[in-house]
Amino acid sequence: MALHLRSSSSSKSTLLNILRHNLGFGSRSHVTRHIRQILPHDPPLRGSQNPISRLCNTMAEPETLSSFVQHEYANNHQVMDFPGGKVAFTPEIQFISESDKERVPCYRVLDDNGQLITNSQFVQVSEEVAVKIYSDMVTLQIMDNIFYEAQRQGRLSFYATAIGEEAINIASAAALTPQDVIFPQYREPGVLLWRGFTLQEFANQCFGNKSDYGKGRQMPVHYGSNKLNYFTVSATIATQLPNAVGAAYSLKMDKKDACAVTYFGDGGTSEGDFHAALNFAAVMEAPVLFICRNNGWAISTPTSDQFRSDGVVVKGRAYGIRSIRVDGNDALAMYSAVHTAREMAIREQRPILIEALTYRVGHHSTSDDSTRYRSAGEIEWWNKARNPLSRFRTWIESNGWWSDKTESDLRSRIKKEMLEALRVAEKTEKPNLQNMFSDVYDVPPSNLREQELLVRQTINSHPQDYPSDVPL
């Protein structure tokens with residue numbers, strides 16, 4: 001680190017004359033001793049960088065010695081050149097506050113009653129797009145309810161709903177393009193739904209049948225689609241974040257008109273992958289959108305036990321990332337924020353962090369009972385007072401784009417389609433046992449061949465302990 005002292009053109013007059021004639025100093029040594037008493041005891045500098053030598057070899061306009069020296073010292077010590085920009089100096093002990101007194105505001109367009117907020121700024125949406133956003137939100141809700149009940153009936157091994165977070169799913173997807181690459185967590189099936197993933201494809205994955213693209217190897221709700229640029233969900237928290245940054249950097253190198261988008265919950269920000277991903281993205285200026293669903297609870301851990309910062313949005317600034325906090329239950333606000341963020345990320349080649357404030361109305365998964373760590377009254381209040389579907393429906397109805405009959409027809413149709421998809425998926429044959437050992441190596445190594453042989457021998461010996469619908 002180097003400290004550079006700048007010389008001032010105003011100091012090119014006779015300081016010695018001022019000191020001798022105006023202040024009564026006799027010799028050069030007297031001047032030097034007086035300056036040493038005024039200047040702080042910095043490490044000695046050589047030659048012309050030494051402020052004492054420089055002052056004693058220049059001339060100045062008549063003024064008092066102390067004000068002149070202090071002025072010179074302040075000018076020469078006010079900033080330091082350092083990677084990233086100049087850093088200002090201060091003589092005061094000042095610690096950066098652990099948090100601001102005022103929290104970062106939350107961007108919203110529709111109030112809780114679905115009415116436009118006065119002077120709100122938002123990206124205009126057409127009737128077609130608005131109706132599809134709402135229709136897909138309803139579809140996602142119905143799909144969640146039916147799959148959840150199927151799991152409770154013992155027909156599925158596991159399920160996780162997106163109830164309460166439908167706006168984040170669908171509205172963000174609507175603001176993206178099919179070329180944008182998605183790195184989801186496990187609560188973004190709405191993004192796939194928007195891109196054209198069918199109810200039958202969802203059902204096939206959850207039941208792990210032979211039509212499942214993952215060949216039955218994944219847990220339910222761990223979807224993936226190469227065709228739709230939707231990377232397969234990984235159960236391990238936050239591992240998708242660094243992957244998204246790498247993909248975004250690749251898009252940048254190839255000069256693609258697209259970005260990477262990754263979703264995660266507030267609990268994911270406690271993982272090291274979150275911090276590594278943000279820092280990597282900022283330094284490499286990768287066009288990636290980080291969309292955090294801050295839904296209040298990371299399984300059973302409240303945000304108050306997750307971090308002491310003002311939520312997640314402030315973490316972006318720490319890494320040099322432009323950030324915004326959005327009302328995640330306001331579909332119009334989510335659409336506008338993501339649409340704007342995407343344009344900035346691609347045009348300016350930079351990462352953007354979006355913190356969407358929402359609430360997980362459903363249990364974390366079918367393996368969780370959320371009433372053990374939060375009150376039923378709290379859940380019910382969010383489900384009614386801040387419901388993203390009813391809020392957006394009010395707005396499209398006010399535009400004349402929706403009606404009670406349209407609502408009834410949609411819900412009836414989607415329910416029938418969903419039940420049929422579930423029936424077909426449940427009866428479809430499972431993938432062949434061989435798929436447990438394929439698709440990794442071109443030629444399976446000896447240890448995998450031995451494992452497959454052992455599994456087959458065990459099944460033959462105890463057929464009653466294994467499902468009969470799995471072809472051997």
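The model is predicted, so to speak of local features a pLDDT of at least 70 is needed, side-chain atom pairs count only at pLDDT 80 or more, and totals for chains, interfaces and linings use all residues. Residues are numbered from 1 along each chain as its sequence is written, and side-chain values use heavy atoms, with hydrogens and water left out.

**Salt bridges across the chain**

- The structure holds 30 salt bridges, each being a side-chain nitrogen of Lys or Arg within 4 Å of a carboxyl oxygen of Asp or Glu.
- One of them pairs R108 with D327, at 3.0 Å from N to O.
- This pair links distant parts of the chain, 219 residues apart: R108 sits in the loop between β2 (85-88) and α5 (127-152), and D327 in strand β8 (residues 322-327).
- Helices (H or I, at least four residues) and strands (E, at least two) are DSSP runs, numbered from the N terminus.
- R108 is partly exposed, with a relative accessible area of 26%, while D327 is buried at 8%; buried means under 20% relative accessible area, exposed over 50%, and partly exposed in between (1.4 Å probe, protein chains only).

- R393 and D404 meet through their side chains in a salt bridge of 2.5 Å, N to O.
- Because R393 lies in helix α15 (residues 388-398) and D404 in helix α16 (residues 404-427), the pair ties together parts that are 11 residues apart in sequence.
- R393 counts as buried at 19% relative accessibility, whereas D404 is exposed at 57%.
- Within α16, E420 and R423 are 3 residues apart, or about one helical turn, and their closest N and O atoms are 2.6 Å apart in a salt bridge.
- E420 is partly exposed, with a relative accessible area of 38%, and R423 is partly exposed, also with a value of 38%.
- Salt bridges with shared partners also join R108, D112, D327, R386 and R391 into one network.

**Packing of α5 and α8**

- Helix α5 packs with helix α8 (residues 199-207) at an angle of about 30°, with their axes 12 Å apart; axes are lines fitted to C-alpha atoms, for helices over the stretch in contact, and angles run from 0 to 180 degrees between N-to-C directions.
- That makes α5 roughly parallel to α8, a term for angles under 35 degrees.
- Where do the helices touch? T139, M143 and F147 in α5 meet L199, F202, A203, C206 and F207 in α8, contact being heavy atoms within 4.5 Å.

Notes: Parallel < 35°, antiparallel > 145°, perpendicular 65-115°, else oblique.
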